[in-house]
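Here's a quick walk through one protein chain. Have the sequence and the model open side by side as you read.

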Amino acid sequence: MKILLLNGTIVGKKTRTLLDEIKKYIAELPDKHETKIIDLEDYELQFVDGRPPEEYNEDMQQLIKEVEEANAYVIATPIFQGSIPGTLKNVFDAVSPLAMRYKPVSIVANGGTLQHHLVIENQLKPILNYFRCMVTPNYVYTHTNHFSTQGELIDEDVRNRLKEMTRVFNQYMQMSQEIEPDK
C-alpha cells in the first residue's frame with residue numbers, strides 16, 4: 001500500500017518528528033508498505049478557490065495527485081489558535097472527496113495545551129468523515145511537554161501510543177482492501 005504521511009504545516013518541526021517516529025513503526029509491520037512523508041513547506045502552495053486542478057501550479061497539481069493516489073494516510077497537524085492550520089484545510093479543499101473514500105487515516109496532533117485535543121474531534125474528524133475515510137479511533141495528541149527544547153520526542157508514553165496507533169492503522173489498512181468504494 002502507498003501510505004502518505006502528511007505534515008499539515010509549513011512551520012515548526014514537532015509534527016515532522018511525530019511522522020518520523022511513525023514511519024519507523026510502519027517499517028516494523030509484517031507487511032511492507034511504500035511510505036512517503038509530505039512536508040507542505042516543500043510545496044509552492046496556492047489558495048484553493050474552486051478552479052479545476054489543472055489550473056493550479058505544478059506543485060499544487062503534484063500535491064493533489066499524491067494525496068489522491070495514496071491508499072492510506074497519517075495526518076499530522078499542529079493546533080494553532082484553537083484550529084487546524086489553513087495550509088492543511090487548503091489541501092482538503094483541493095482534493096476530490098471521492099479520492100479518500102474508505103481509505104484508512106490516523107491522526108497525530110500537537111498543541112500548546114491539553115485542551116487543544118478537542119480540535120481533532122470538532123474540526124478534523126468531521127472533515128475526514130465528510131470524505132468517508134476510515135479514521136482509526138486512537139489518535140495521538142501531544143503537547144509541548146512531550147518534546148525537548150530542540151523539538152525531540154522525549155515521552156515514552158507517547159511513543160507507546162504511536163506504536164499502538166500504528167498497529168490499529170495496520171488493521172484498518174487490511175480491512176480497507178476488502179471495501180470497494182462507490183464510483
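Is D39 buried or exposed? D39 counts as buried because its relative accessibility is 9%, where buried means under 20% relative accessible area, exposed over 50%, and partly exposed in between (1.4 Å probe, protein chains only).

Some ground rules: this is a predicted model, where local features need pLDDT of at least 70, side-chain atom pairs count only at pLDDT 80 or more, and totals for chains, interfaces and linings use all residues. Residues are numbered from 1 along each chain as its sequence is written, and side-chain values use heavy atoms, with hydrogens and water left out.

D39 sits in strand β2 (residues 34-39); strands (E, at least two residues) and helices (H or I, at least four) are DSSP runs, numbered from the N terminus. Leaving aside residues up to four places away in sequence, D39 touches N7 and R16, contact being heavy atoms within 4.5 Å. T113, by contrast, is in the loop between β4 (104-111) and α4 (118-130). T113 counts as partly exposed because its relative accessibility is 34%.

| Side-chain pair | Polar contact |
|---|---|
| D39 and N7 | 2.9 Å |
| T113 and H116 | 3.3 Å |

**The cores**

The largest nonpolar core has 35 residues, and V67, Y73, F92, M100, V105, I107 and L128 touch the most other members. Such a core is a set of buried Ala, Val, Leu, Ile, Met, Phe, Trp, Tyr and Cys residues joined through side-chain atoms within 4.5 Å. The largest share of this core, 5 residues, comes from α4. Another core, of 21 residues, lies apart from it, and includes L29, V74, A76 and V158.

**Helix α5**

V158 is also one of the buried residues of α5, along with others including L162, M165 and F169. The buried residues of this helix pack against β1, α1 (14-27), β3, β4, β5 (134-135) and β6 (140-143). α5 (residues 156-176) has 21 residues and spans 30 Å from first C-alpha to last, close to the 30 Å expected at 1.5 Å a residue; that expected span is 1.5 Å times one less than the number of residues. At its start, a side-chain oxygen of D155 comes within 3.0 Å of the backbone nitrogen of D157.

Key:
Polar contact = N/O pair within 3.5 Å; in protein donor to acceptor, adjacent residues only side chain to side chain.
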